[in-house]
Amino acid sequence: MEKIVVGVDGSGVSKDALRWAVEDARARGAEVIALHAYEVPVPAPDAAPSSPVDLPALVADTHARAQQFAAEIVDEVVGNTVSVDVAPIAIEDAPAKALLDASRDADLLVVGSHGHGLSGLFLGSVSLECAQHAACPVVIFRT
């Protein structure tokens, strides 16, 4: 079975990219990995917390929220009416690195042309890095 990795960040273009990836997966008989990359928030050095930070709890909570976010995106976009396996996955890492790592054993990487950081006609930094460094073919989806 083929594997398609698609980056999801909650933006409209990433949701459209996921829809496209699911349709392509249906035609290929592939599975889809809907990958949401996140980074654990770190307090600014001058913003001392009023109480000690429980770092393991913060990391676990952030991961749980990110995983739930990925699952909610998949549920919103795909629901359970499709005959394609779509696995929502949250990974703590920079988005481009997480997508490139996850796509090493994939048959296709699908990303939106831009995420939350940019709107308009520009190619985002994540999609550009994926296009330059992916080990598999890349589809940059633009709406």
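This report describes the fold of one protein chain, from its overall layout down to two of its residues. The structure is a predicted model.

## Overall layout

The protein chain has four helices and five strands. Along the sequence these elements follow the pattern β-α-β-α-β-α-β-α-β. Of the 143 residues in the protein chain, 39% are buried. Among the contacts in the protein chain with a separation of 6 or more, 76% are between residues 24 or more positions apart.

## The sheet

The five strands form an open sheet in the order β3-β2-β1-β4-β5, and their pairing is parallel. The edges are taken by β3 (86-92) and β5 (138-141); each has a single partner strand, so one side of each is left without a neighbour in the sheet. On average, neighbouring strands of this sheet are turned by 25° against each other, direction ignored.

Two of the pairings can be described further. Strand β2 (residues 31-38) pairs with β3 in the parallel sense over seven bridges, and tyrosine 38 stands opposite glutamate 92 in β3. The pairing of β1 with β2 is also parallel and runs over five bridges.

Strand β1 is mostly covered, with five of its five residues buried. Lys3, Val5 and Gly7 point one way from β1, while Ile4 and Val6 point the other way, and all are buried. In a regular strand the side chains alternate between the two faces of the sheet.

## Lysine 3

Lysine 3 belongs to strand β1 (residues 3-7). Is this lysine 3 buried or exposed? Its relative accessibility is 17%, so lysine 3 counts as buried, since buried means under 20%. Its bridge partner in β2 is glutamate 31. The side chain of lysine 3 also makes a polar contact of 2.8 Å with the side chain of aspartate 105. Not counting residues up to four places away in sequence, lysine 3 touches Ala30, Glu31, Ile33, Ala102, Asp105, Ala106, Asp107 and Leu108.

Serine 14 lies in helix α1. With a relative accessibility of 3%, serine 14 counts as buried. Leaving aside neighbours within four places in sequence, serine 14 is in contact with Gly7, Val8 and Asp9. The side chain of serine 14 reaches the backbone nitrogen of glycine 10 at 3.4 Å. Serine 14 and alanine 34 are 20 residues apart in sequence, and their C-alpha atoms are 9.8 Å apart in space.

## Helix pairs

| Helix pair | Axes come within | Axes cross at roughly |
|---|---|---|
| α1 and α2 (residues 55-77) | 10 Å | 65° |
| α3 (residues 95-102) and α4 (residues 125-133) | 9 Å | 35° |

The crossing of α1 and α2 is right-handed. Which residues make the contact between α1 and α2? On α1 they are Lys15, Leu18 and Arg19, and on α2 they are Ile73, Val74, Glu76 and Val77. By class, the contact of α1 with α2 has four nonpolar, no polar and three charged residues.

The crossing of α3 and α4 is right-handed. In this pair the contact is made by Pro95, Ala96, Leu99 and Leu100 of α3, together with Val126, Glu129, Cys130 and His133 of α4. The residues of the contact of α3 with α4 divide into six nonpolar, one polar and one charged.

Helix α3 has buried residues at Ala96, Ala98, Leu99, Leu100 and Ala102.

Note on methods:
Residues numbered from 1 in each chain as written. Predicted model: local features only at pLDDT ≥ 70, side-chain atom pairs only at ≥ 80, totals over all residues. Heavy atoms only, no water. Helix = DSSP H or I, 4+ residues; strand = E, 2+ residues; numbered from the N terminus. Buried < 20%, exposed > 50% of the residue type's maximum accessible area, 1.4 Å probe, protein only. Polar contact = N/O pair within 3.5 Å; in protein donor to acceptor, adjacent residues only side chain to side chain. Contact = heavy atoms within 4.5 Å. Pairing = 2+ DSSP bridges. Axes fitted to C-alpha atoms, helices over the stretch in contact; angles between N-to-C directions. Left-handed = near helix turned anticlockwise from the far one by under 90°. Nonpolar A, V, L, I, M, F, W, Y, C, P; charged D, E, K, R; others polar.
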